[in-house]
Protein chains: 2
Amino acid sequence: MAPTRLSDLSEGDLLARLFPIFDGTKGAAPLLLGPGDDAAVLGSPSGAVVLTTDSMVRGRDWRDDWSSGREVGRKVVAQNLADIAAMGAVPTGLLVALAADPSTELAWVLDLAEGIAEAAREAGAPVVGGDLSSAGEDMLLVAITATGDLDGRAPVRRDGAQPEDVVAVCGGLGRSGGGLQLLLEGRGRTHADGEPEPGDRAVHELCLVHRTAGRPPFEQGPVAARAGATSMIDVSDGLVRDLGRVARASGVRVELSGRALTRAAAGALTEALGEVDALRQVLSGGEEHSLAATFPVGAVPPGWTVLGTCVAGEPAVLVDGAVPTVTGWDHFRP
Amino acid sequence: MAPTRLSDLSEGDLLARLFPIFDGTKGAAPLLLGPGDDAAVLGSPSGAVVLTTDSMVRGRDWRDDWSSGREVGRKVVAQNLADIAAMGAVPTGLLVALAADPSTELAWVLDLAEGIAEAAREAGAPVVGGDLSSAGEDMLLVAITATGDLDGRAPVRRDGAQPEDVVAVCGGLGRSGGGLQLLLEGRGRTHADGEPEPGDRAVHELCLVHRTAGRPPFEQGPVAARAGATSMIDVSDGLVRDLGRVARASGVRVELSGRALTRAAAGALTEALGEVDALRQVLSGGEEHSLAATFPVGAVPPGWTVLGTCVAGEPAVLVDGAVPTVTGWDHFRP
């Protein structure tokens with residue numbers, strides 16, 4: 001009988017199914033060794049390595065009735081690549097740790113691996129190693145570690161924004177949060193819904209971004225760094241909350257333009273949610289993984305949208321001079 | 001009221017409790033940035049970075065009634081450092097990912113962090129970043145990623161053993177497996193048992209190694225590499241199983257001396273378990289994290305114990321010419 005659950009295979013058999021999926025991610029990256037030995041070895045072209053880790057837990061960070069394994073794999077990779085990009089770095093490699101109830105469907109795990117490999121290939125960051133653990137009933141966690149290279153540049157931190165700098169964003173805003181809202185309200189589209197009818201397009205777009213993180217413009221992280229970005233962060237917990245981190249770390253006040261935010265809320269977001277909720281998601285929607293950065297006047301690169309400016313003053317994020325009433329996402333708090 | 005559970009704190013409050021614990025791990029390591037930004041940046045002195053990840057799951061990889069948080073922290077770090085050492089590398093940094101039921105005791109998490117920091121300081125490998133996730137009821141997982149540096153050397157792989165090479169080990173054998181056996185049989189000693197009476201010493205020693213991994217001689221990984229080790233692995237799943245991996249990867253037969261193994265089983269192991277179980281644990285006990293390597297004749301460094309030789313032939317691990325009846329540990333299999 002063909003194995004259908006993880007408990008039907010030995011660890012070696014499972015790795016023999018997973019390695020070929022990750023093999024295709026190697027490409028032309030400076031990979032020296034991995035996976036299959038005690039540890040992987042990766043070239044670090046500029047002598048410094050950028051490191052980050054981010055996890056997803058079933059039932060907390062995704063629901064199986066909404067998202068496929070492949071979609072979860074794409075999303076967890078994107079979350080890590082966003083942190084690499086937000087330092088101004090190029091991704092160089094990924095480690096994958098999986099902790100799973102042994103009764104987990106093998107097909108789901110292979111689908112997850114395909115999603116991880118797909119996102120890894122697109123980013124040019126090979127899967128160089130990982131770890132398998134068995135876990136309790138219904139538990140499924142995937143943790144990714146990503147490495148990056150700065151090509152000899154200094155990292156773009158959160159604490160470098162200066163008064164008079166321009167605040168700009170590259171990538172969407174509020175779409176993932178909008179998709180989550182639609183799914184929670186029972187109006188969303190899941191991985192099982194297939195291709196959309198013309199009338200479903202806006203809802204489909206938002207929900208797809210929520211399920212997969214879409215394709216944030218990670219290549220713009222190094223572009224922003226070369227252009228002279230003074231600070232950068234990825235929008236993971238909501239624009240206001242994440243810019244608030246930049247404001248506090250840098251000791252500046254961030255003043256956003258209501259008109260620019262309203263423009264960001266136009267299109268699919270307003271079509272699917274209406275103007276009020278669309279604007280709310282632009283300000284507070286998490287897991288978008290777009291890049292937000294500050295630049296000296298005149299240095300904003302093509303493809304980036306200006307949202308406001310930094311000024312001297314108590315650290316805060318204001319919209320048209322007022323404190324917005326929505327913020328963002330926190331773990332652990334009920 | 002002072003917070004006692006993770007759900008009593010915001011994520012920022014929890015990080016503010018954890019960062020000072022990890023601050024003391026920085027020492028003189030070539031750390032450029034971290035934690036607190038999107039990603040950490042680490043110096044990679046020789047232009048190549050060694051990477052590994054390993055996780056522990058409550059109820060699978062530890063039991064709270066046996067092990068304290070600090071002991072779990074020490075052990076999960078040791079598991080990662082062992083993989084770095086087994087490549088012949090020096091550890092340079094650690095990332096810590098925690099996925100926890102929000103009702104987890106804050107004191108336990110802080111104790112875990114102390115254990116991680118303690119092991120990080122001893123190894124000179126600073127904690128440079130991490131990730132927090134909320135998880136389902138009773139779930140608690142800690143995943144570590146470790147980086148290492150080869151100082152310009154090639155990594156010591158599993159596939160380089162040659163016929164006529166000597167097989168040697170550095171560090172204990174079977175002690176962690178012996179401690180696990182004692183704990184499973186209700187004869188073990190837990191973190192709550194405190195200091196041992198003279199009659200408990202052997203049992204105490206084995207159980208402490210099982211709970212914390214003890215202090216495997218990780219500095220001997222680079223020593224073995226410089227001495228010309230042709231292959232190396234850490235003993236994580238049992239000596240026979242792990243040397244079997246070397247044998248298969250290298251295409252050699254490993255012949256171990258029963259007398260040398262009996263000698264390794266002497267002392268606390270035989271005192272606590274008797275001769276038969278002591279030898280069984282030497283052959284099959286997992287989580288010891290000692291280093292096993294192959295060397296050209298005459299190249300075995302001081303402090304390493306010779307256990308046998310490599311010969312041409314079908315890949316296998318034999319003891320005094322026969323296939324041993326015990327093997328080792330596998331995940332997922334019931």
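View 1. Look for three residues here: A:Trp66, A:Glu71 and A:Lys75 account for 36% of the area that domain 1 of chain A buries against domain 2 of chain A, more than any other three residues. Bear in mind that this is a predicted model. In the domain assignment of chain A, domain 1 runs over 10-149 and domain 2 over 166-319. Their C-alpha centres sit 25 Å apart. In terms of contacts, 20 residues of domain 1 of chain A touch 22 residues of domain 2 of chain A.

View 2. Start from the loop between H10 and strand S10 (291-295) of chain A, and that's where A:Glu287 turns up. UniProt, in an unreviewed entry, lists A:Glu287 under "binding site", along with A:Asp61 and A:Trp329. Leaving aside residues up to four places away in sequence, A:Glu287 touches A:Lys75, A:Gln79, A:Ser176, A:His210, A:Val235 and A:Ser236. With A:Lys75 there's a polar contact, side chain to side chain, at 2.6 Å.

**View 3. Helix H4 of chain A, mostly tucked away.** Of the 10 residues in helix H4 (residues 175-184) of chain A, 7 are buried, so the rest of the structure largely encloses this helix. The buried ones are A:Ser176, A:Gly177, A:Gly178, A:Gly179, A:Gln181, A:Leu182 and A:Leu183. What do they pack against? Three helices of chain A: H5 (201-212), H9 (268-273) and H10 (275-284). A:Ser176 also links this view to the previous one, as it is among the residues that A:Glu287 touches. After H4(A) comes A:Gly186, with a positive phi near 75 degrees.

**View 4. Chain A and chain B around the axis.** Turn chain B by 180 degrees, shift it 0.0 Å along the axis, and it lands on chain A with an RMSD of 0.0 Å. The two copies are therefore related as by a two-fold rotation axis. Both copies use the same surface, too: 100% of the contact residues of chain B recur in chain A. Which residue of chain B comes closest to the rotation axis? That's B:Gly47, whose C-alpha is 2.3 Å from it.

Notes:
Residues numbered from 1 in each chain as written. Chains lettered and ligands numbered in written order. Predicted model: local features only at pLDDT ≥ 70, side-chain atom pairs only at ≥ 80, totals over all residues. Heavy atoms only, no water. Least-squares fit on C-alpha atoms with pLDDT ≥ 70 in both. Contact = heavy atoms within 4.5 Å. Buried < 20%, exposed > 50% of the residue type's maximum accessible area, 1.4 Å probe, protein only. Helix = DSSP H or I, 4+ residues; strand = E, 2+ residues; numbered from the N terminus. UniProt positions renumbered as here; feature names shortened; annotations may be inferred. Polar contact = N/O pair within 3.5 Å; in protein donor to acceptor, adjacent residues only side chain to side chain. Domains from an automatic or database assignment. Buried area = accessible area lost by both parts, 1.4 Å probe.
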